[in-house]
Amino acid sequence: MKIFDFFNLDVRKQNQSKFRKIKLLICSVMLIMSFTIIGYRTISLASINKNNVSNKVYAEIENESIPKSLRGNIYDRNNKILATTINTLSLNVNPQEILNIDQTIAKLIKIFPQLEEKVLYKKLNSNKKFINLLKEISPREYVSLLNAGIEGLKIETKNKRIYPNNTLAAHILGATDIDGNGIAGIEKKFDSQLQDGSNVTLSIHSGIQHITRTLLLDQIKKFKAEGGAGIIMNAKNGEVFSIVSLPDYNANNYNSILNYKLFNKATKGIYELGSTLKLITAAIAFDSNLINENDVFDVSKPLKVSSRIINDFHPLNYAINIPEVIVHSSNIGSAKIAEKFGSSTQLKYLKSLGLLSILSLEIPELGKPQVLIDKKVLSTMTISYGHGISITPMHLASATATIVNSGAKVNPTLIKGKTEKKNEVIISNKTSLKMKSIMRLVVSNKYGTAKKAEAPGYLIGGKTGTAEKIKPSGGYSKKENIVAFTGAFPMNDPEFIITIMIDNPKGQKFSFGHRTAGWVVAPIVKKLVTRVAPILGVNPQLESSSKFSNNLLNYKIRGKNHGANL
Amino acid sequence: MIKYTSSLIFFVILFAGVSLYQIKHFITKKEIELTQIKNNIKSAQSNINILKAELSYLKRPDRIEKIALDKLELREVLPTDIWNLNDLVSATSTFSNGEKK
């Protein structure tokens with residue numbers, strides 16, 4: 001039957017028309033659906049909330065669209081720029097594109113009078129296709145160039161790292177190489193962070209850094225010394241306010257500076273800092289309980305140990321106690337104290353005070369201490385007064401901070417607001433109080449070696465140190481000294497640490513030929529504290545005031561009436 | 001019926017086409033504006049950086065110190081120049097008591 005239908009034309013026509021209608025309907029439905037979707041999307045896009053779009057665009061601008069191509073800035077603790085990157089323009093030329101050389105030279109010299117006509121003529125007549133005329137041009141000169149309409153000139157934009165304060169904190173900031181990678185100091189330590197465009201805020205205070213540098217430089221010049229280092233640090237959280245190493249350099253000229261100027265004496269250089277180490281000896285003596293507070297030590301005769309004779313710079317002919325050993329800076333007394341507590345105890349405390357290892361400061365230029373750890377009696381004795389132990393001035397500042405900060409370890413940091421877990425306690429609060437009292441006496445007592453450091457009202461305390469310099473060939477030089485002071489202020493509640501070191505000062509007429517720490521370093525401490533204390537918010541405490549309380553122990557100090565032991 | 005549907009579809013297509021063209025035109029315009037704004041921001045950021053660096057250079061502590069000493073004739077603050085407010089009050093009361101006597 002179907003075969004017959006196939007040949008029936010009417011039936012075929014009817015079927016075809018039916019199929020067409022169905023196809024048309026499907027196509028219509030699909031088209032309507034597509035255009036409904038397109039229409040809906042069009043209307044929704046046209047009537048979208050503008051604010052949403054704006055916010056989205058702004059977010060895009062801030063996060064992705066504008067890459068932070070410039071290296072991050074380095075700021076001081078008051079958000080003052082210490083290092084930044086700016087775009088500079090360099091002037092290049094393609095001599096082949098210049099039509100009128102004489103006219104071009106005339107126009108260029110008008111804008112850049114520093115360019116020489118002969119040199120320009122030679123350069124512009126060259127066969128080369130690219131010649132640099134000036135490495136840097138100012139934005140104003142750039143505008144003048146555009147107005148002059150000189151053909152063949154190429155202006156290239158480059159990033160340049162600049163240090164607006166020149167010498168200020170140069171050793172800490174470090175430098176970058178030609179490709180913008182950090183190669184020294186903070187620039188190196190925080191390179192990846194700075195490369196990402198993030199900023200670094202240091203604990204350094206520009207003003208205090210400048211004052212420390214100026215006063216240290218003055219004294220170095222006065223005593224014709226080779227150099228020095230100066231540190232001011234928060235005694236409680238270790239934030240470093242100033243850290244100076246002299247000689248220094250202009251940070252903008254890092255690549256053309258001699259190596260010896262680049263050397264950081266404050267954190268990299270290790271020195272025997274002499275009697276300043278007696279503070280640690282006394283702290284060990286009190287804290288280890290191996291020595292009675294009232295024990296006395298006979299210092300009337302030089303002490304002979306093995307082949308070495310230990311002398312005092314200011315000999316006394318009677319037995320003295322620990323505070324007197326520190327105030328008179330007796331080597332014999334210090335050696336006898338150390339002999340009593342022994343090598344193991346000494347090394348244990350030196351280790352816990354961080355004097356046997358590299359500091360965790362945030363710069364790569366850090367020195368590793370060198371200490372005689374042969375456990376011989378002689379080594380224990382000499383280490384007790386700072387011989388046979390070479391540390392950086394920063395190590396000494398850190399140990400001083402721990403001693404006066406109720407014995408809680410203070411780790412120096414160059415980063416502002418760096419939070420640290422609870423500090424390890426190295427010495428007891430009781431020992432710390434005794435040490436603070438003795439340190440104050442070194443400055444305030446008439447026999448104290450740091451009398452010249454006394455600044456009325458600021459209750460400075462500390463310890464001086466004068467050590468013979470180690471000769472490069474070995475042994476000690478009788479003619480060259482390292483002089484140092486480490487201390488804190490105000491001693492009734494120490495807030496800041498001050499550590500100064502001067503390398504090889506020469507005796508002067510005004511110092512009666514003396515080149516000891518009492519003559520060379522102590523006066524800087526007085527000037528420095530007087531100038532920086534008001535900036536640091538440390539108010540002078542006048543002893544005449546009814547509210548005055550120094551909270552310190554009163555030790556009686558005996559001595560000869562020959563004047564101060566400077 | 002088909003005529004009406006066709007007309008409706010035609011107008012919808014026409015409306016969609018015109019709207020799409022306008023949106024494309026609008027987006028292109030906005031993209032150009034955005035690029036300009038980005039360039040302006042970059043340029044402004046660069047200028048701000050230069051100005052900040054220049055300001056920092058002018059505020060160098062050694063320069064400020066020189067100005068303070070030479071032009072303003074300022075001098076260092078001494079401990080005696082700084083008074084604790086409580087001390088000042090007690091000193092004033094002692095002084096006034098003395099005057100009364």
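**A tour of chain A**

Start by selecting I22(A): at a relative accessible area of 44%, I22(A) is partly exposed, because that class lies between the 20% limit for buried and the 50% limit for exposed. The model is a predicted one. I22(A) sits in helix α2, which covers residues 9-46 of chain A.

Next, select residues 206-222 of chain A, which form helix α10. Its 17 residues reach 24 Å from the first C-alpha to the last, close to the 24 Å expected at 1.5 Å a residue. Colour α10(A) by accessibility: the helix is mostly covered, with twelve of the 17 residues buried. Among the buried ones is the run from I208(A) through Q209(A), H210(A), I211(A), T212(A), R213(A), T214(A) and L215(A) to L216(A). S206(A), Q219(A) and I220(A) are also buried. After the helix, go to K224(A), where phi is positive, near 45°.

Now move to A169(A), in the loop between β4 (153-162) and α7 (170-173) of chain A. A169(A) counts as buried because its relative accessibility is 5%, and the cut-off is under 20%. From A169(A), draw a distance to S307(A): the C-alpha atoms are 45 Å apart in space, and the two residues are 138 apart in sequence.

Finish with K446(A), found in the loop between α17 (429-444) and β16 (461-470) of chain A. Select K451(A), K452(A) and K526(A) along with K446(A) to show a positive surface patch.

Terms used. Residues are numbered from 1 along each chain as its sequence is written. Chains are lettered from A and ligands numbered from 1 in the order in which they are written. This is a predicted model: local features need pLDDT of at least 70, side-chain atom pairs count only at pLDDT 80 or more; totals for chains, interfaces and linings use all residues. Side-chain values use heavy atoms; hydrogens and water are left out. Patches are made of residues with over 30% relative accessible area and no salt bridge: like charges are joined within 9 Å, nonpolar side chains (Val, Leu, Ile, Met, Phe, Trp, Tyr) within 5 Å. Accessible areas come from the Shrake-Rupley method with a 1.4 Å probe; for residues, only the protein chains shown count as cover. A salt bridge is a side-chain nitrogen of Lys or Arg within 4 Å of a carboxyl oxygen of Asp or Glu. Lys and Arg count as positive and Asp and Glu as negative; His and the chain ends are not counted. The place of a charge is taken as NZ of Lys, CZ of Arg, CG of Asp or CD of Glu. Helices (H or I, at least four residues) and strands (E, at least two) are DSSP runs, numbered from the N terminus. The expected span of a helix is 1.5 Å times one less than its number of residues. Buried means under 20% relative accessible area, exposed over 50%, partly exposed in between (1.4 Å probe, protein chains only).
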